[in-house]
Amino acid sequence: MAESEVKLPRPTRVKNKTPAPTQITAEQILREIRERQEAEIRPPKQKITDNSELGDYRLRKRKKLEDLIRRVRWNISVWVKYAQWEESQKDFNRARSVWERALEVDYRNHRLWLKYVEMEMKNKFINYARNVWDRAVSLLPRVDQLWLKYIHMEEKLGNVPGARQIFERWMSWMPDQQGWSSYIRFELRYNEIDRARAIYDRFVPCHPKVSAWIKYAKFEMKNGEFARARHVYESAVEKLADDEEAESLFVAFAEFEERCKETERARRIYKFALDHIPKGRAEDLYRKFVAFEKQYGDREGIEDAIVGKRRFQFEDEVRKNPLNYDSWFDYIRLEESGGDKVRVREVYERAIAKVPPAEEKRYWQRYIYLWINYALYEELDAEDVERTRDVYRECLKLIPHQKFSFAKIWLLAAQFEIRQMNLVGARQILGNAIGKAPKDKIFKKYIEIELQLGNIDRCRKLYEKYLEWSPENCYAWSKYTELEISLAETNRARAIFELAIAQPALDMPELLWKAYIDFEISEGEYQRTRELYERLLDRTKHLKVWISYAKFEATVMDALNSDLSEDQLQSHLLEQKRECIQHVRRVFERAINYFRTSAPELKEERAMLLVEWLNMESSFGELGDVGIVQPKLPKMLKKRRRILAEDGPAGYEEYIDYLFPEEAQTTNFEILEAAYKWKKQKLASDDD
């Protein structure tokens, strides 16, 4: 095992790693290899001295080529090499035999035919060449190169009728435009204008494309036949006005008329094209039209051209993003500035057809303004009442009212009918709105309309519907009571208030209670008002309720003062004021007692209540007694407390605390008790 091991030489260690003074590049290494290469070994040249040696050489060469063909029969280059060798030996019959054998293998290879004919032509076998050409174009009529080479040979030989005959044979196969163009150029080389025109007449039906018609028209222009050229353009427009490449046709036609100094004709062509070609394919047309108007038009024409260019830009934007409603708004504004009703309506119809893909209101909020603007345009600008009504009707049909609706559309449709003196139609629209998609705005507007018309019973029914749909809506309850109060229906208003406050849930109950209390105060029902306050305090004992209750008792005193005569005022004024002040104090004492016993944590509210009481006692003048309140006022203490964050303590903050008198006594007692306990412990330790 040890003997079989091969010991590799130990790798030499590079001691000096600094770069050599002379650097050798890879290019230099390759150049040196090339220079040092040995010369290629070539076989010696063989000289043939007599016919026998020539025969032997030909025999060996043919055998070698035949063997090669047997091995790679499908390799066309081998056949070409074989045939060209026979040609070099001037044995043309053998060469033709090889070409024919090659064509049997792959006659579809047109390069074989070309090389075959090239041999015949090079050696001036014209008839043989014609024979090969005829066979080639018969077998491969769709290869244009064969036809062109065949025609070129006949033309070189001066056989123009023969070349024309070959062209006719080729045209019967309906080649592409290049073939027809070659035929036309052939006739023009021999100045056969009528023949070339006849070929164009056959060419354009065969290839009904814009480029073919433009070539025909340019041919007539080049020959000075402007009337014929115009006729060609007109025929092309009749047949290809809706073609995808019609833009280039109209541009060429307009430029032709411009060259003929027919500027008005050119302008009409541009305008006709802009009306018929889709905006997405008319970019070059707009650019040319603007340049034309700048050169030949007046101010109005230039403005029209610029509007057309902007129209193209908007068309491009809405094509890229059809749901970008801002682009539609800008486009509509542009058309409205032009004043063409047909165009404006067309853009509106295209815009409203782009319905949002999802039935979610956030996708429809911008889209719905397209309908609104459309209806307003038909009513105000176009002054078409029926179309306006149709727009509103179709819009209301389109909106999925089961998922969401737009009160604005219902109201605009109703207001439109009112402007048309169609009150029945407006009521029908608003009634459908309440039935399909009730909303606050619809109820409010409907009630406002009926109220303006003086239909009180309808207003009451609408308020009832409103409250059935939204019983927690304090605004509706308040407005209903305001209606009854305005009609001096006190009992109905009071009954509605009672129904309202009896609701289990209200969105803003404080406003409703305030309205009820203000109503009773305005009616002079002070006892009812007190009962309302007491009922309200059973539900909530908020600071504002207590203060409002106390202020009410204070206002009762002012009301009594205004009702008494001068004689009665002298006898009863003092007694009445004192009684009212006692009511106020009783309310404040109840409030203070509540905050002290039931809500001791609400120190700030209690302090605010005492401040309000103190201010009210001051406002009573001589009958007031601030000494009742001052002993109850708290002391304000500035304290610090720790701020607790999610990751632990985050420092301290200062806050205001209130220390009430009873709390101060308790605190002092606790301090004395602690001091006594401390002294007792100290005496016990001294005895020990």
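Helices (H or I, at least four residues) and strands (E, at least two) are DSSP runs, numbered from the N terminus.

**Before I start.** I am looking at a predicted model, where local features need pLDDT of at least 70, side-chain atom pairs count only at pLDDT 80 or more, and totals for chains, interfaces and linings use all residues. I number residues from 1 along each chain as its sequence is written, and side-chain values use heavy atoms, with hydrogens and water left out.

**Entry: R641.** I found R641 in strand 1 (residues 635-645). I then looked up its exposure, where buried means under 20% relative accessible area, exposed over 50% and partly exposed in between (1.4 Å probe, protein chains only). With a relative accessible area of 41%, R641 counts as partly exposed. For contacts I used heavy atoms within 4.5 Å. Leaving aside residues up to four places away in sequence, R641 touches G651, Y652, E653 and Y655. Y652 is 11 residues from R641 along the chain, and their C-alpha atoms are separated by 5.4 Å.

**Entry: E155.** My next stop was helix 7 (residues 144-156), which holds E155. Is E155 buried or exposed? I read a relative accessible area of 18%, so E155 is buried. Its contacts, not counting residues up to four places away in sequence, are F186, R189 and Y190.

**Entry: helix 4.** I listed its buried residues: F92, A95, R96, V98, W99, A102, L103 and V105. What do the buried residues of helix 4 pack against? I found helix 3 (76-88), helix 5 (110-122) and helix 6 (126-139).

**Entry: helices 17 and 18.** I fitted axes as lines to C-alpha atoms, for helices over the stretch in contact, with angles from 0 to 180 degrees between N-to-C directions. The axes of helix 17 (residues 325-338) and helix 18 (residues 341-352) come within 9 Å and cross at roughly 170°. That makes the two helices roughly antiparallel (angles over 145 degrees count as such). W328, Y331, I332, E335 and E336 of helix 17 make the contact with R343, V344, V347, Y348, R350 and A351 of helix 18.

**Entry: cysteines.** How many disulfides (pairs of cysteine sulfur atoms within 2.5 Å) does the structure hold? I counted zero. C206 is partly exposed at a relative accessible area of 22%, and C260 is partly exposed at 23%.

Notes
Disulfide = S-S within 2.5 Å. Parallel < 35°, antiparallel > 145°, perpendicular 65-115°, else oblique.
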